[in-house]
Amino acid sequence: MAPVYDRPGFWGEPTSTLDWCEENYAVSYYIAEFWNTVSNLIMILPPIYGAIQTVRDGLETRYLAAFLGLAAVGIGSWCFHMTLKYEMQGREGKWNLTRDSFLSTYWTLILKYAYVDF
């Protein structure tokens, strides 16, 4: 649980069921968990670059899907750590799965498909 002396921020009080050990809004008024949010760039920028290179090199669509799937997981995690809102935590209706878990599983299946050479 985060420290009790967390500062109020742009997104308001956290409503998520998870709050990591990082102090909320300590570095930026606009980002609840700054370092968790920034660390997601590694899951956003390289996959976007890979997707661009895939299109430029004319590779198969499965590689593009794998890169974009990883970027989607990174963006979802970025939004959650930036806001700490329940809505960004991404409960998927009655399945009770987080959006990141669903996207991670889906991305893994796409990656396995991209890995198999037909």
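This is a predicted model: local features need pLDDT of at least 70, side-chain atom pairs count only at pLDDT 80 or more; totals for chains, interfaces and linings use all residues.
At 1.5 Å a residue, the 13 residues of helix 2 (residues 45-57) should span 18 Å, and the end C-alpha atoms of helix 2 do lie 18 Å apart, so expectation and model agree.

The buried residues of helix 2 are Pro47, Gly50, Ala51 and Thr54. These residues cover an arc of only 100° around the axis, which means that they sit on the same side of helix 2. The face turned away from this buried side carries Leu45, Tyr49 and Arg56, which are exposed. What covers the buried residues of helix 2 includes helix 3 (61-83).

Gln53 also belongs to helix 2. With a relative accessible area of 23%, Gln53 is classed as partly exposed, because the limit for a buried residue is under 20%. Gln53 and Leu64 stand 11 residues apart in sequence, and their C-alpha atoms are 9.0 Å apart in space. After helix 2 comes Gly58, whose phi is positive, near 70°.

Helix 3 has 23 residues and reaches 33 Å from its first C-alpha to its last, close to the 33 Å expected at 1.5 Å a residue. Just after helix 3, Leu84 takes a positive phi of about 55°.

Charged side chains are considered next. Side chains of opposite charge can pair when their charged atoms come close. The structure holds 1 salt bridge. Glu60 forms a salt bridge with Arg62, and the closest N and O atoms are 2.8 Å apart.

The aromatic residues form another set of contacts. A pair of aromatic rings is described by the distance of the centres and the angle of the planes. The count comes to 5 aromatic pairs. One of them joins Phe10 and Tyr29 in an edge-to-face arrangement, with 6.3 Å from centre to centre and 75° between the planes. Both Phe10 and Tyr29 lie in the segment before helix 1 (34-39), so the pair ties together parts that are 19 residues apart in sequence. Phe10 counts as partly exposed at 44% relative accessibility, and Tyr29 counts as partly exposed at 46%. Another edge-to-face pair is formed by Phe34 and Trp35, with centres 4.8 Å apart and planes at 90°. Phe34 counts as buried, at 19% relative accessibility, while Trp35 is exposed, with a relative accessible area of 56%. Ring pairs also link Phe10, Trp11, Tyr29 and Tyr30 into a cluster.

The secondary structure of the protein chain comes to 5 helices and 0 strands, and the pattern read along the sequence is α-α-α-α-α. Of the 118 residues in the protein chain, 33% are buried. Among contacts in the protein chain with a separation of 6 or more, 51% are accounted for by residues 24 or more positions apart. The accessible surface of the protein chain comes to about 7,800 Å², and 67% of this surface belongs to carbon and sulfur atoms.

Conventions
Residues are numbered from 1 along each chain as its sequence is written. Side-chain values use heavy atoms; hydrogens and water are left out. Helices (H or I, at least four residues) and strands (E, at least two) are DSSP runs, numbered from the N terminus. The expected span of a helix is 1.5 Å times one less than its number of residues. Buried means under 20% relative accessible area, exposed over 50%, partly exposed in between (1.4 Å probe, protein chains only). The arc is that of the directions from the helix axis to the C-beta atoms. Contact means heavy atoms within 4.5 Å. A salt bridge is a side-chain nitrogen of Lys or Arg within 4 Å of a carboxyl oxygen of Asp or Glu. Accessible areas come from the Shrake-Rupley method with a 1.4 Å probe; for residues, only the protein chains shown count as cover. Rings of Phe, Tyr and Trp (its six-membered ring) pair if their centres lie within 6.5 Å; planes under 30 degrees apart count as stacked, over 60 as edge-to-face and the rest as tilted.
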